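Here are some questions on one protein model. Each answer works from the coordinates to a value or a name.

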Amino acid sequence: MNNINEKNQKIKKMIKKGASFSLCAVLAGGLAAGAFEGVNYLTGWNGTQQEVEAAVNQNDALTLMKSTSESKSAGKGSLDVSDIVKEAMPSVVSITTKSIQEVQNYYGMFGYGGYAPQQQEVQGSGSGIVVGKNDDMLFIATNYHVVEDAQTLSVCFVDGEAYEGTVRGYDEGRDLAVVSVALDDISDDTMDQIAVATIGSSDDLAVGEQVVAIGNALGYGQSVTTGIVSAKNRRLDSSSGAVKSEEDNRRGVNLIQTDAAINPGNSGGALLNMNGEVIGINSAKLASTEVEGMGYAIAISDVSDILEQMMNEEPREKLEDNEHGILGITGSTVSDEGVQVYGIPEGVFVSEVTEDGPADEAGIKKNYVITDFDGRSVSSIQELVERLEYYEPDEEVEVTVQIPDGNGYKEKTVTVTLGENTNDSKSSKDDSQDEDTQEDDRDSILRDWADEMERGGYTYQQQW
């Protein structure tokens with residue numbers, strides 16, 4: 001019996017020594033193997049050396065997969081966006097403009113001496129994105145409202161150096177503009193630090209995806225904010241400036257809604273995805289002070305072709321009133337009521353066509369709605385008049401019109417050879433008639449549309 005007890009005691013001591021030895025081996029062998037062996041010891045699992053090695057290798061693979069997954073997650077939604085900003089900042093610029101505006105003087109504000117406006121120089125600020133370059137020019141995309149009415153314009157690059165810029169082209173309805181800077185004016189040191197932005201796809205964005213906004217907020221210089229894509233396919237009504245839901249099927253700018261802070265001065269700056277690609281052009285004027293976390297950016301995929309067209313076309317000089325070409329129409333802006341209630345296309349309603357004039361010869365008729373001029377959207381009579389100021393007589397221009405057709409409208413594009421602007425031609429102004437004439441013609445226009453309504457469900461509210 002004593003011998004049996006002694007043997008049992010020896011076996012227990014051997015087991016304890018074996019356990020101590022195993023633990024030491026685990027600690028000496030590394031964390032992965034140690035963790036696996038520790039689990040084996042606690043659970044009583046037993047296996048061959050090959051099985052142990054296979055299990056350790058499997059554990060390493062799982063660890064690697066977890067690390068890779070965490071790396072991808074960090075790259076897609078990490079709060080640290082410093083690497084993205086470092087890569088993108090050389091392609092973002094600050095834009096400063098100066099314009100002359102008429103302001104009411106102090107005494108006139110209180111009714112003394114009547115209305116006595118004074119001219120005053122006003123400075124504005126915004127942002128831009130370097131989107132292209134050729135042998136002569138560097139091209140910068142921005143918002144139209146950033147450069148609107150600017151007499152002078154300067155572009156400040158990432159190194160703090162500023163150079164004179166020129167508005168190459170613009171599309172007021174889409175709130176887009178392209179500014180060019182001559183390469184000969186830019187120093188070699190500045191050029192070494194400038195980069196052309198990488199353009200991404202706004203179509204591939206997912207709601208909830210993290211984004212980064214960069215811009216010249218409040219004119220203080222470039223700053224960075226982050227957020228997510230709150231919504232896609234918001235629509236900007238170019239005539240009223242209001243943002244509509246994605247169910248609104250009217251013409252307008254396709255917008256990305258984000259909760260990244262977009263402030264005055266951010267306009268024209270870059271909205272980036274987590275790959276550092278530009279997926280939107282920030283448009284601060286759409287953000288309301290009555291709400292928080294509702295900024296908007298123009299979806300880049302919807303306007304990339306327009307930006308490229310602006311970069312490639314030759315810049316035009318503004319002509320005097322008696323030098324630019326005309327369409328030979330009298331028109332007015334389609335009212336918000338006409339668009340929203342009666343479904344009339346957004347654009348310029350043609351109320352009169354000059355007989356044998358350019359529009360008449362091209363097939364444009366009364367009650368048509370002009371929606372595009374030379375490939376760019378037109379949302380108001382003022383915008384159409386401003387565009388014509390850059391075109392000479394005898395130039396051929398493509399004009400897109402919407403034609404009443406039963407229960408809807410059909411689109412047609414015609415080529416118009418612009419006519420000469422003569423001072424004695426009533427319709428040469430291509431603008432709304434004088435106030436008395438407008439009042440006289442109002443009933444006639446509404447009667448025409450009343451007839452259309454009876455036949456096809458249309459009406460029209462003229463905006464004078």
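Q: In which loop is Asp-394 found?
A: This is a predicted model, where local features need pLDDT of at least 70, side-chain atom pairs count only at pLDDT 80 or more, and totals for chains, interfaces and linings use all residues. Residues are numbered from 1 along each chain as its sequence is written, and side-chain values use heavy atoms, with hydrogens and water left out. Helices (H or I, at least four residues) and strands (E, at least two) are DSSP runs, numbered from the N terminus. On that numbering, Asp-394 sits in the loop between α11 and β19.

Q: Is Asp-394 buried or exposed?
A: Buried means under 20% relative accessible area, exposed over 50%, and partly exposed in between (1.4 Å probe, protein chains only). Asp-394 has a positive phi, near 75 degrees, and is not a glycine. Its relative accessible area is 63%, so Asp-394 is exposed.

Q: How does Asp-374 count by relative accessibility?
A: Asp-374 is another residue other than glycine with a positive phi, about 55 degrees. It lies in the loop between β17 and β18. Its relative accessibility is 27%, so Asp-374 counts as partly exposed.

Q: What kind of pair do the rings of Phe-373 and Tyr-391 form?
A: Rings of Phe, Tyr and Trp (its six-membered ring) pair if their centres lie within 6.5 Å; planes under 30 degrees apart count as stacked, over 60 as edge-to-face and the rest as tilted. The count by this rule is 3 aromatic pairs. For Phe-373 and Tyr-391 the centres are 5.2 Å apart and the planes at 85 degrees, so the pair is edge-to-face.

Q: How many residues apart are Phe-373 and Tyr-391?
A: Phe-373 and Tyr-391 are both buried. Phe-373 belongs to strand β17 (residues 369–373). Tyr-391 is in the loop between α11 (381–388) and β19 (396–405), and the separation is 18 residues.

Q: Which residue lies over the face of Tyr-391?
A: A charge sits over a ring if NZ of Lys or CZ of Arg is within 6 Å of the ring centre and within 35 degrees of the ring normal. Here the distance from the ring centre is 3.8 Å, and the residue is Arg-316.

Q: Why is α11 largely enclosed by the rest of the structure?
A: Its buried residues include Ile-381, Leu-384 and Leu-388. They pack against β6, β15 (329–333), β16 (348–353), β17 and β18 (376–377), where contact means heavy atoms within 4.5 Å. The helix is largely enclosed because the buried share of α11 is 6 of the 8 residues.

Q: Which element gives the most to the lining of the largest pocket?
A: On a 1 Å grid over the protein atoms alone, a pocket is an open set of points where a 1.4 Å probe fits, with protein on both sides within 12 Å along at least five of seven lines; lining residues have an atom within 4 Å of a point. Of the 29 lining residues, the closest to the centre are Val-167, Tyr-170, Arg-316, Lys-318 and Tyr-390. Elements giving two or more residues are α6 (144–147), β4 (152–156), β6 (166–171) and α11. With 5 residues, the most comes from β6.
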